[in-house]
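Here are my notes on the charged side-chain pairs in this model. Please read them with the structure open.

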Amino acid sequence: MHSGTQYAQGLRLAMGDSPAWTVEAVRQARYHVVSSEHLFARGNTTLLTGCPDAPLRAGERRLLVIDEDVDALHGARIREFFVFHGIETTVLTLRADETVKQWDAVCQVVDAMNDFGIDRRREPVIAVGGGVLTDIVGFAASIYRRGTPYIRIPTTLIGLVDAGVGVKTGVNYSSGKNRLGTYAPATATFLDRSFLRSLDLRHISNGLAEILKMALIRSEKLFGLLETHGPAVRADRFQGTTGGLARAADAIIAESIHLMLEELQPNLWESSLERCVDYGHTFSPTVEMHALPELLHGEAVVIDMALTTALSTLRGDVSEAQAHRVFSVIRALGLPLWNDVLGDASLLEHALLDTVRHRDGQQRLPLPVGIGRHRFVNDVTPAELREAARLLHSRAQDLSQAASDEALVSA
């Protein structure tokens with residue numbers, strides 16, 4: 001006690017006559033990611049017991065926020081599940097896409113929580129929908145009474161492998177992608193691939209973009225799975241209708257989620273800004289917002305990845321043969337290589353400057369090295385960006401022409 005008093009007095013002496021204190025605390029995080037097929041089947045109790053931190057019992061109540069499209073397809077089955085298990089529900093249906101991912105949507109969820117009279121310790125909000133919906137609900141829950149628990153049930157592939165397993169929430173503001181947001185882990189995320197059966201193939205491709213991201217920067221093995229099985233698994237919507245498709249779908253999803261969580265866990269709060277999971281997210285936020293509603297999130301991300309693959313090719317880190325494989329897989333997964341906004345060099349420069357502000361004054365740009373590895377750079381120039389865009393445009397045209405020629409031969 002005596003030595004502590006001396007230390008405190010020393011601080012006062014160093015700081016002048018006014019006392020000063022430093023508080024340091026560790027922010028703990030614990031959340032669960034649970035996989036279960038047919039989550040809302042009557043006999044499936046995973047949602048009731050699968051998360052030890054949020055058990056659900058007969059006689060309790062829950063606020064559900066459901067994407068309006070999901071509600072139209074699955075709402076009756078979801079409501080029946082809760083009735084069957086004796087749980088009272090209040091349901092808010094919400095339109096949820098990038099064009100309405102705004103503060104107003106957050107207010108709708110906050111109003112519903114307030115009207116529900118939610119118990120901020122014992123009644124987690126349940127969000128059922130794609131990544132946009134879970135981002136909105138997560139943000140609303142994180143700011144209502146300074147933090148209310150929530151549970152995510154993603155219904156899109158991008159929600160299963162990306163938005164559903166991290167801790168970031170957010171909505172768009174002005175022209176900025178996810179400019180408002182928080183770090184707020186859900187109590188649990190329940191992954192149910194059966195929801196993907198009702199998705200159109202474009203949205204399957206949208207999620208495959210985020211899986212491809214992890215392959216290009218972390219795993220040549222995952223890239224090989226996508227190259228060999230990706231088109232067939234996409235066409236099957238990850239349902240595993242044959243033994244081979246089931247094994248491939250399981251391997252692709254499990255490996256991508258494992259790699260994502262392996263990267264996120266030691267750096268959940270982004271204390272380090274050199275994050276390889278930011279691959280594909282340097283130019284894409286600006287590209288996506290300028291191209292709305294033309295591009296989905298994953299489509300903008302994959303265009304960013306194609307651009308930076310071209311950039312790495314110019315730098316000699318990716319060979320022409322490797323770049324061709326990457327571009328071919330992108331096309332085979334039903335994803336775009338090019339959007340005309342890339343032709344605006346000033347837009348790409350603006351995107352890079354905005355990223356520099358976001359990454360504490362440095363580019364910290366993850367670039368692929370071959371397939372499955374990466375490095376960070378801080379020296380990309382506007383001239384390089386223009387040259388990379390020209391190279392990508394040329395390769396995209398070549399692949400489009402080759403596909404057209406092949407279609408003519410087949411006909």
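**Notes on salt bridges**

1. R79 and D71 form a salt bridge, with their closest N and O atoms 2.6 Å apart. The term means a side-chain nitrogen of Lys or Arg within 4 Å of a carboxyl oxygen of Asp or Glu. R79 is partly exposed at 30% relative accessible area. D71 counts as buried at 18%. The cut-offs: buried is under 20% relative accessible area, exposed over 50%, partly exposed in between (1.4 Å probe, protein chains only).

2. The model is predicted: local features need pLDDT of at least 70, side-chain atom pairs count only at pLDDT 80 or more, and totals for chains, interfaces and linings use all residues. Residues are numbered from 1 along each chain as its sequence is written, and side-chain values use heavy atoms, leaving out hydrogens and water.

3. D135 pairs with K101 in a salt bridge, closest N to O 2.8 Å. This links distant parts of the chain, 34 residues apart: D135 lies in helix α5 (residues 131-143), K101 in the loop between β3 (88-94) and α4 (103-116). Helices (H or I, at least four residues) and strands (E, at least two) are DSSP runs, numbered from the N terminus. D135 is buried at 11% relative accessibility. K101 is buried too, at 2%.

4. E349 and R386 meet in a salt bridge at 3.4 Å, N to O. The two sit 37 residues apart, E349 in helix α13 (residues 345-358) and R386 in helix α14 (residues 382-410). E349 is partly exposed at 28%. R386 is partly exposed at 35%.

5. The whole structure holds 29 salt bridges.
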